[in-house]
Amino acid sequence: MKKLLGLAILVMSFALAACSSNDNNSSETDRDHNTSDNSNRAQEEPTEDSLSDIRIKLSFNKEEVLVRMYDNPASRDFLAQLPLTVTFEDYVGKEKISILQKKLAADNLQSENQPKKGDFAYFSPWGNLAIFYKGIEDATNDLVILGQIESGKEKFENIQSDFTVSIEKVD
């Protein structure tokens with residue numbers, strides 16, 4: 001039994017030594033590639049740090065909803081199109097969607113996070129805006145989160161029919 005235990009420890013030591021020597025001998029190109037992948041991933045996932053100071057107002061049915069925008073290429077492209085008037089409809093009982101006249105430059109940004117209640121997003125394959133009034137557990141990663149609703153998330157839940165929304169920047 002002692003010999004078997006000693007052999008197992010010896011095999012593990014060699015395996016760990018081999019792994020660490022491979023890491024030390026990796027080419028600079030591989031390290032640059034890995035660094036690039038990590039920095040792209042950090043840009044894709046919205047974080048508190050990526051929230052901008054820019055807010056937009058969605059006005060509809062005598063209601064107002066404020067959205068704080070993220071700082072990413074798709075958000076900036078969306079902001080450049082404002083002011084807009086669009087019509088939203090319900091989609092799968094969890095989000096309101098509206099097709100934009102002009103697609104956004106999403107630059108392959110994707111969200112690895114599942115959308116949650118209050119996300120203001122862009123679905124790049126269809127070119128539509130999405131307002132999530134409920135969380136969704138099986139969403140695609142083709143969503144780009146443009147911003148977060150700061151006030152009024154609940155105002156979307158009870159709207160049963162299509163509705164027109166005016167969207168503008170708030171100073």
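Residues are numbered from 1 along each chain as its sequence is written, and side-chain values use heavy atoms, with hydrogens and water left out. Since the model is predicted, local features need pLDDT of at least 70 and side-chain atom pairs count only at pLDDT 80 or more, whereas totals for chains, interfaces and linings use all residues.

## Overall fold

The protein has 3 helices and 8 strands; helices (H or I, at least four residues) and strands (E, at least two) are DSSP runs, numbered from the N terminus. In order from the N terminus, the elements run α-α-β-β-α-β-β-β-β-β-β. A contact means heavy atoms within 4.5 Å. Of the contacts with a separation of 6 or more, 66% join residues 24 or more positions apart.

The protein exposes about 10700 Å², and carbon and sulfur atoms supply 50% of this area. Accessible areas come from the Shrake-Rupley method with a 1.4 Å probe, and for residues only the protein chains shown count as cover. A residue is called buried under 20% relative accessible area, exposed over 50%, and partly exposed in between (1.4 Å probe, protein chains only). Of the 171 residues, 34% count as buried.

## The interior

A nonpolar core is a set of buried Ala, Val, Leu, Ile, Met, Phe, Trp, Tyr and Cys residues joined through side-chain atoms within 4.5 Å. The largest such core has 29 residues, and those with the most contacts inside it are Ile 56, Leu 58, Phe 78, Phe 120, Leu 146 and Ile 167. Two or more residues of this core come from each of strand 1 (51-60), strand 2 (63-70), helix 3, strand 3 (84-91), strand 5, strand 6, strand 7 (143-151) and strand 8 (163-170). Another core, of 10 residues, lies apart from the largest one and includes Ile 97, Phe 123, Phe 132 and Leu 143.

Phe 120 illustrates how parts of the chain meet: leaving aside residues up to four places away in sequence, Phe 120 touches residues including Ile 56, Leu 58, Phe 78, Leu 129 and Leu 146. In helix 3 (residues 73-80), the buried residues are Ala 74, Ser 75, Asp 77, Phe 78 and Leu 79. At the start of helix 3, a side-chain oxygen of Asn 72 reaches to within 3.2 Å of the backbone nitrogen of Ala 74.

Lys 96 lies in strand 4 (residues 95-99) and counts as buried because its relative accessibility is 1%. A polar atom of the Lys 96 side chain lies 2.7 Å from the backbone oxygen of Ile 159. Beyond residues up to four places away in sequence, Lys 96 touches, among others, Glu 89, Asp 90, Tyr 133 and Phe 163.

## Salt bridges

A salt bridge is a side-chain nitrogen of Lys or Arg within 4 Å of a carboxyl oxygen of Asp or Glu. By this rule the count comes to 9 salt bridges, including those in the table.

| Pair | Closest N and O atoms |
|---|---|
| Arg 68 and Asp 53 | 3.5 Å |
| Lys 57 and Glu 64 | 3.5 Å |
| Glu 168 and Lys 57 | 3.4 Å |

Glu 168 in strand 8 and Lys 57 in strand 1 are 111 residues apart, and their pair links distant parts of the chain. Lys 57, Glu 64 and Glu 168 are linked in a network of salt bridges. Glu 64 is partly exposed at 45%, and Glu 168 is partly exposed at 34%.

## Loops and surface

Asn 61 is found in the loop between strand 1 and strand 2, and Lys 62 is also placed in the loop between strand 1 and strand 2. Asn 61 has a positive phi of about 45° although it is not a glycine, and the phi of Lys 62 is near 60°, a positive value. Asn 61 is exposed because its relative accessible area is 51%, and Lys 62 counts as exposed at 90%.

In the loop between helix 3 and strand 3 lies Pro 83. The peptide bond from Leu 82 to Pro 83 is cis, with omega near 0°.

Methods
Polar contact = N/O pair within 3.5 Å; in protein donor to acceptor, adjacent residues only side chain to side chain.
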